[in-house]
Amino acid sequence: RLSGTDGLQVLRRLRASAGGAGVRVLLFSGADLSEPELAAVHALGGSFVKKGEVSVRDVVAGIESALTSAARASISPVGRAMLVIDDNELNRSLLRSILESRGYSVLEAADAVTGLALARSELPAIILMDLAMPGQDGLATTRMLKADPVTVQIPVIAVTALAMRRDEEAALRAGADAYVTKPIDAEALIRRIEIILLGVAS
C-alpha cells in the first residue's frame, strides 16, 4: 500500500490508460482498508490480498490466486482431454477423480508406448507423467514427446514420489513443464494446471 489515497489513484490512472483496462492488480496493505477504500478497489477490478506484514509467500500466493481466477474465467475445461500416463491403476484413478471433479475429461495410459500413441492421436491439453514406470520411464517418454514436432507443444507435468531436488531438476531437463510430488495435493495440482492452461491460451 502506497497509502490509501495514493494506491487508489494509481489504480484509477491504470484503468484509465490505454493498455491498463485488463491488467490484474493485487493490493497489499500494512493496515486495514476502510469500507469505501475496499469498495473502490473492487469497483476498479483490483484485489485486496492481505493486511499486516506481507511476506514473499503472501505475494506468490496472491499472484497464483489471480492467475488461477483468470484461468477459471477464461478457459473452459470442455474440449481437450488431460492424458494421464502411469502404470499404477490406483494413481490413475486418483488423478482421474481429481480432474473429472473440475470438469476435465481424462485419457489414460498404463505404459509409455500407449501414452505416446495417445498423445500423438489425441493432442491432449496437458500430459500428467509418472516418472517411475517400468520399461521406458517417464523421463525418457517426456524427452520423446518434446523431440516430436507433433507433441512438442503439449505441456507435461511430472507426477512422482521422487521428491529430491535432483529428481525435479532431472524432470525439467527432460522437458517437463512442471513437477508435482506424491501424495498428490489436489488443489495444488489444479492450480498448477490452470496456470499452465492460462499461459497456453495467452
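Ile193 is in contact with Met82, Leu99, Tyr104, Ile126 and Ile157, leaving aside residues up to four places away in sequence. The model described here is predicted. Ile193 is also among the residues with the most contacts inside the largest nonpolar core, which has 20 residues. The protein as a whole has 8 helices and 7 strands, and 39% of its 202 residues count as buried.

**Nonpolar cores**

- Besides Ile193, the residues with the most contacts inside the largest nonpolar core are Met82, Leu99, Ile126, Leu128, Ile157 and Leu189.
- At least two residues of this core come from each of the strands β3 (82-85), β5 (126-130), β6 (156-160) and β7 (178-181), and likewise from each of the helices α4 (89-101) and α8 (186-201).
- Helix α8 makes the largest contribution to this core, with 5 residues.
- In soluble globular proteins, nonpolar side chains tend to be buried together.

**The largest pocket**

- The volume of the largest pocket is about 190 Å³.
- Its lining consists of 11 residues, and those nearest the pocket centre are Tyr179, Val180, Ala188, Leu189 and Arg192.
- Strand β7 and helix α8 each provide at least two residues of the lining of the largest pocket.
- Helix α8 gives the most to this lining, namely 5 residues.
- Sorted by class, the lining of the largest pocket comprises 6 nonpolar, 4 charged and 1 polar residues.
- Leu189 belongs to the residues with the most contacts inside the largest nonpolar core, and Leu189 is also one of the residues nearest the centre of the largest pocket.

- Apart from neighbours within four places in sequence, Thr141 touches Ala112, Leu116, Met129, Met133 and Gln136.
- Under the corresponding exclusion of residues up to four places away, Thr142 is in contact with Met129, Val156, Ala174, Gly175 and Ala176.

**Backbone features in loops**

- Lys182 and Pro183 are joined by a cis peptide bond, with omega of about -5 degrees.
- Pro183 is placed in the loop between β7 and α8.
- Leu123 is a residue other than glycine with a positive phi, near 45 degrees.
- The position of Leu123 is in the loop between α5 (112-122) and β5.
- Leu123 counts as partly exposed because its relative accessibility is 36%, which falls between the limits of 20% and 50%.

**Whole-protein values**

- Among contacts in the protein with a separation of 6 or more, 60% are accounted for by residues 24 or more positions apart.
- The accessible surface of the protein is about 11000 Å², and carbon and sulfur atoms hold 55% of this surface.

Technical notes:
Residues numbered from 1 in each chain as written. Predicted model: local features only at pLDDT ≥ 70, side-chain atom pairs only at ≥ 80, totals over all residues. Heavy atoms only, no water. Core = buried A, V, L, I, M, F, W, Y, C linked by side-chain atoms within 4.5 Å. Buried < 20%, exposed > 50% of the residue type's maximum accessible area, 1.4 Å probe, protein only. Helix = DSSP H or I, 4+ residues; strand = E, 2+ residues; numbered from the N terminus. Contact = heavy atoms within 4.5 Å. 1 Å grid on protein atoms, 1.4 Å probe; cavity = no way out; pocket = protein on both sides within 12 Å on 5 of 7 lines; lining within 4 Å. Points joined across faces, edges and corners; volume = space filled by probe spheres on them. Nonpolar A, V, L, I, M, F, W, Y, C, P; charged D, E, K, R; others polar. Areas by Shrake-Rupley, 256 points an atom, 1.4 Å probe, with all protein chains shown as cover.
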